[in-house]
Amino acid sequence: MLQCVNPPMEMVRCNKKSDEKFQKIKNSMKKQEKENYDRLARFGCVLCSYIGYEGTPAELHHIRRGNIPRKQAPVIPLCPEHHRGNTGIHLLGRKQFERIYGITEERLLELVNPST
Ligand SMILES: [Zn+2]
Ligand SMILES: [Zn+2]
């Protein structure tokens with residue numbers, strides 16, 4: 001009976017190990033995410049840079065597609081005006097925004113991630 005209650009030592013160790021591994025992966029993902037955000041913030045507003053104004057301080061805008069959770073959604077840097085302002089993507093809506101500036105969210109994403 002006692003054997004059934006106490007899991008074998010080996011099993012306990014294995015679980016702990018995989019848990020640590022999981023934590024490590026989680027932490028390194030967080031770090032990567034943070035580094036990516038820092039890089040994008042340094043990039044400045046991608047739309048401003050597209051229309052010829054370099055290095056405008058930016059906020060991060062999540063590109064939402066279908067059911068992708070916000071955390072996994074790709075992000076692009078947009079200045080407060082192009083993000084939430086009168087000429088911004090949230091106020092205009094994606095379709096109008098893309099028509100006015102002649103560039104899609106996907107293309108903006110490519111501009112900030114040249115390697116992908
Ligand atoms: Zn801008
Ligand atoms: Zn946004």
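**Figure 1. How much of the chain is buried.** Of the 116 residues in the protein chain, 13% count as buried (20 or more other C-beta atoms within 10 Å of a residue's own; 12 or fewer makes it exposed, anything in between partly exposed, with C-beta atoms placed from the backbone). This is a predicted model, where local features need pLDDT of at least 70 and side-chain atom pairs count only at pLDDT 80 or more, while totals for chains, interfaces and linings use all residues. Residues are numbered from 1 along each chain as its sequence is written, and chains are lettered from A and ligands numbered from 1 in the order in which they are written.

**Figure 2. The fold, read end to end.** The protein chain has 7 helices and 2 strands (DSSP runs numbered from the N terminus: H or I of at least four residues for helices, E of at least two for strands). Follow the sequence and you get α-α-α-β-β-α-α-α-α. Take the contacts (C-beta atoms, placed from the backbone, within 7 Å) between residues at least 6 apart in sequence: 43% of them link residues at least 24 apart.

**Figure 3. The largest nonpolar core.** A nonpolar core here is a set of buried Ala, Val, Leu, Ile, Met, Phe, Trp, Tyr and Cys residues joined through C-beta atoms within 7 Å. The largest one has 10 residues: Cys45, Val46, Leu47, Ala58, Ile76, Leu78, Cys79, Ile89, Phe97 and Leu108. Zoom in on Leu47 and, setting aside neighbours within four places in sequence, you'll find it in contact with Leu78, His82, Tyr101 and Leu108.

**Figure 4. Around Thr56.** Thr56 sits in the loop between helix 3 and strand 1 (59–62). It counts as partly exposed because 18 other C-beta atoms lie within 10 Å. Beyond its neighbours within four places in sequence, Thr56 is in contact with Gly44, Cys45, Cys48 and Cys79. Thr56 and Cys79 are 23 residues apart along the chain, with 6.4 Å between their C-alpha atoms.

Figure 5. Glu110 belongs to helix 7 (residues 105–112), and it's partly exposed because it has 15 C-beta neighbours inside 10 Å. From Glu110 to Ile76 is 34 residues in sequence and 9.3 Å in space, C-alpha to C-alpha. Asn113 turns up in the segment after helix 7. With 15 other C-beta atoms within 10 Å, Asn113 is partly exposed. Asn113 and Leu40 are 73 residues apart in sequence, yet their C-alpha atoms are 9.1 Å apart.

Technical notes: Two residues are in contact if their C-beta atoms, placed from the backbone, lie within 7 Å.
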